[in-house]
Amino acid sequence: MNGSAKDFSGTVAALFDLDGVIVDTEGHYTEFWQKIGEKCFSDSGFGNKIKGRTLDNIFSTYFDGQTELQAEITSALDRFEHDMPYEYVPGVLEFIADLQRRNIPRAVVTSSNRKKMENVYARHPEFKGMFDRIFTGEDFSRSKPAPDCYLLGMKTFGSAPESTFIFEDSFTGLQSAKGSGGYVVGLATTNSREAIAPYCNLVIDDFTRITVGFLLDKIA
């Protein structure tokens, strides 16, 4: 199966995390949250603990009831996200364009909120047109590592887990993807290939050496 002539709509779907998968931002976020962790908990590893979580989940887990501090962090995060470059991961534009040519449904499944996504759209006006759906943290009640967000994507497109490609990078996101039963493609943009391999069906560095046809052959 090479997918060159077949319309895979309704049978195969592709679900993408955002940060560290489509846009190369995980390093920026790690730096931001490291500073928060060091300031609040003297925890130099805090940035790695919160990867893939929604802001509400971070607040309820680590800053519960601290309304003033939450407001301070939210304000700082808003400024930070507004100024981020949101550069694309190498090869991702070409890869998504190939999915689009093959009529394979595509969705972003991110823990980011809609307010943050407005910054992405402002930086990349073409972004919305690249996907059929964009799911944000407001669309599911349980944050990653729960599989709810990816199960929602599968339900929306009517794709079975074994024919749903999920692209993730963080441990929290990879656990969510694996828990959904999907075919997990892990990007070593945030963690090492060796560290993420146990959660993945396939590990890649970016999208420059992977093709849609190659992936379709994996589930043929």
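Reader: Which residues does Leu187 contact, leaving aside its neighbours within four places in sequence?

Author: Leu187 is in contact with Gly20, Val21, Val89, Phe167, Glu168, Asp169, Ile196, Ile204, Asp205, Asp206 and Phe207, where contact means heavy atoms within 4.5 Å. This is a predicted model, in which local features need pLDDT of at least 70, side-chain atom pairs count only at pLDDT 80 or more, and totals for chains, interfaces and linings use all residues. Residues are numbered from 1 along each chain as its sequence is written, and side-chain values use heavy atoms, with hydrogens and water left out.

Reader: Why is Leu187 called buried?

Author: The term buried means under 20% relative accessible area, exposed means over 50%, and partly exposed lies in between (1.4 Å probe, protein chains only). Leu187 has a relative accessible area of 0%, and therefore counts as buried. Leu187 belongs to strand β5 (residues 183-187); helices (H or I, at least four residues) and strands (E, at least two) are DSSP runs, numbered from the N terminus.

Reader: What makes Ser112 buried, and with which side chain does Ser112 form a polar contact?

Author: Ser112 is called buried because its relative accessible area is 12%. The side chains of Ser112 and Lys116 are joined by a polar contact of 3.1 Å. That value meets the limit for a polar contact (a pair of N or O atoms within 3.5 Å; within protein, one must be able to donate a hydrogen and the other to accept it, and residues adjacent in sequence count only if both atoms are side-chain atoms). Ser112 is in the loop between β2 (106-109) and α6, and Lys116 is among the buried residues of helix α6 (residues 114-123).

Reader: How do you know that there is a cavity, and what lines the largest one?

Author: A cavity is, on a 1 Å grid over the protein atoms alone, a set of points where a 1.4 Å probe fits but cannot get out; a pocket is an open set with protein on both sides within 12 Å along at least five of seven lines, and lining residues have an atom within 4 Å of a point. By this rule, one cavity of 30 Å³ or more is counted. The largest cavity holds about 330 Å³ of space, a volume being the space filled by probe spheres set on the points, which are joined across faces, edges and corners. Of its 23 lining residues, Asp19, Tyr29, Gly52, Arg53 and Ser112 are closest to the centre. Helix α1 gives the most to this lining, with four residues.

Reader: How much space lies in the largest pocket?

Author: The largest pocket contains about 180 Å³. Its lining includes Thr54, Ser111, Gly137 and Arg142.

Reader: What sets Tyr86, Asn103 and Pro145 apart in their backbone geometry?

Author: Most residues other than glycine have a negative phi, and most peptide bonds are trans. Phi is positive in Tyr86, near 55°, and in Asn103, near 60°. The peptide bond from Lys144 to Pro145 is cis, with omega near 20°. Tyr86 is buried at 0% relative accessibility, while Asn103, at 42%, is partly exposed.
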